[in-house]
Amino acid sequence: MSNTYYITTPIYYTNGEPHLGHVYCTVCTDVLARFHRLCGEDVHMLTGTDEHGIKMVKTAAALNTEPAALAHKNAMVFRDVWKEMGIINDDFIRTTEPRHKLSVQEIIRRMVARDDIYLSSYEGWYDEGQEEFVTETEAKVNEYKSAISGRPLLRYKEQSYFFRLSKYVPQVLKHIENHPDFVQPESRRNEVMSKIKAGVDDLSISRATLKWGIPLPNDPEHVVYVWIDALSNYITALGFGSMDETLYRKYWPGVHVIGKEILWFHCVYWPAMLLSLGEPLPKGIFAHGWWTSEGKKMSKSMGNFVDLERLRAIAKAYSNDALRYYMVRAGNFGSDLDWTEIDFIKSFNELANVLGNGLNRTIKMIGKYRDGKVPLVQAELEPIDRALVEKMDALGDAVRAAYLRYDLQAAATLPLELARQTNGYIESTEPFKLAKDPAKAQRLSTVLGLAAEAIAKALMALIPVLPEKAIEGLKQFNIDFAGKSFDELMNAKLPAGHQLGDGKPLFPKVEPSKD
Ligand code: MSP
């Protein structure tokens, strides 16, 4: 079985800077990528920027600049922000790069050669914010406004090349039906299937009235429709259609993590394109939900927009990992979520009081009572010990299963539950009292040894979600995790006599900011 794992985020429009929605999608993808990397898989994670289309032209004009300049400026912000936030993307693709453009043209050439592209004319509605053609029925339902932004739809009437989407739709539908995991969560899968069954027309894939895009190889007066251009990124970044297809052969097919509003493009247009090319379909498409903020749609005018500046300030004050944890735990991966300041603080306090405190008191007690050396756990266990052991032994499998079903929330909270149980265990077994009675020395060793092992396990299981803090915590345990797989870590025992490092608060208290 192949040991590769290819995972992608959507490529983001460069008409603005990253905000909560983008950061959420990239962080969740990074969490999944890190988990698979930790499992020893050869992971390739891709993100990037979608720089063409009418929206870019209009935004640039409004800002009195050129689309290329605007795209470049924001692409650099996206690229740098991922570094700043500790995201490990193996590549960053920009749709204005020659490698992408050439490969897109090759893709079109192959589709033309298959007779899947023909010239006709398009007359209908277009949602410029979404860069999406909208059918008359959908347009009418939404009173000729965008279902996403609420802005009026535009009427387009122009000559255009079409892709024979309808030819491939039955095959796409069959694939979705036969592969229950292809589109997740299930509610989204059902949504796509019913929309397909309502009928799908061929797709206009070129614009003659737009200059900002990739020229069609067969008719350079037209540029490629931005979604055909953008979806191709998942394989152009791997060198598809170029002189060197090594990465493509190695990593494709992959898993796409996207937001729910771009499901249709990924589940219908993209598979149909791949079928036309005779290439394998993606392994899976996972659509996550949308964030609102303080109960309302995020909007700059409402003042509840969680923009980059805000996210940076939070990461600076509380750490990148506190932000990651909050986002992953805020709701089920796949459901809509709501950002609230109060919930953020609650989630940070959970990290500090449950995980940080569990770690700190364990290290401190072992320092104080056992010279910082992990004590020997006695063979004879009491029921309360056994309950803790059971929980820690089950953690690895439970977390792995959670990742494999894309349940990132459980993957993040299960280790916290173990830490919470460990704190309760310490409170019930009262090591500080045991320490006063020399006759209870062995009991104290067992309690401290088990508490240490449980906290260390919780930290190990949290590496994908809290890459900086989990490792900082493991360093306090003096555990060398380098090169160890998730299974090895989860099965590792802290040997008696193992010397711990120095303890210090993992999530130091944050003074409330003055502004
Ligand atoms: N360029 C297209 C994607 C092309 S992929 C071949 C695009 N870009 S975008 O900049 O609008 O980013 C879309 C992604 O950002 C969504 O799929 C989603 O992952 C994320 N989000 C944007 N706003 C969001 C929220 N309010 N909440 C959660 N995520 C949302 O579409």
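Visitor: To start, is Cys25 buried or exposed?

Guide: Cys25 counts as buried, because its relative accessibility is 2% and the cut-off for buried is under 20%. Please note that this is a predicted model.

Visitor: How many disulfides does the search of the whole structure find?

Guide: The search returns 0 disulfides. Cys25, for one, takes part in no disulfide, and the nearest cysteine sulfur, which belongs to Cys28, is 7.1 Å away.

Visitor: What is the relative accessible area of Cys39?

Guide: The value is 28%, so Cys39 is classed as partly exposed.

Visitor: Let us turn to pockets. What volume does the largest pocket have?

Guide: Its volume is about 1300 Å³. The lining of the largest pocket comprises 42 residues, and those nearest its centre are Asn15, His19, His22, Lys55 and Trp290.

Visitor: Which element gives the most to that lining?

Guide: β1 does, with 4 residues. Elements that each supply at least two lining residues include β1 (4-13), α1 (20-38) and α12 (308-318). Two further elements on that list are α8 (226-231) and α9 (233-236).

Visitor: How do the residues of this lining divide by class?

Guide: The lining of the largest pocket has 18 nonpolar, 14 polar and 10 charged residues.

Visitor: Now the ligand. Which residues come nearest?

Guide: There are 23 residues around the ligand, and Ile11, Tyr13, Asp50, Gly259 and Trp291 come nearest.

Visitor: What about the side chain of His22?

Guide: An N or O atom in the side chain of His22 is 3.2 Å from an oxygen atom of the ligand. His22 is also among the residues nearest the centre of the largest pocket.

Visitor: Last topic: how many cavities of 30 Å³ or more are there?

Guide: The count is 1 cavity, and the largest cavity holds about 40 Å³ of space. Residues lining it include His52, Tyr126, Glu131, Arg207 and Trp212. By class, its lining has 6 nonpolar, 2 polar and 2 charged residues.

Key: Residues numbered from 1 in each chain as written. Predicted model: local features only at pLDDT ≥ 70, side-chain atom pairs only at ≥ 80, totals over all residues. Heavy atoms only, no water. 1 Å grid on protein atoms, 1.4 Å probe; cavity = no way out; pocket = protein on both sides within 12 Å on 5 of 7 lines; lining within 4 Å. Points joined across faces, edges and corners; volume = space filled by probe spheres on them. Nonpolar A, V, L, I, M, F, W, Y, C, P; charged D, E, K, R; others polar. Disulfide = S-S within 2.5 Å. Buried < 20%, exposed > 50% of the residue type's maximum accessible area, 1.4 Å probe, protein only. Near = heavy atom within 4 Å. Polar contact = N/O pair within 3.5 Å; in protein donor to acceptor, adjacent residues only side chain to side chain.
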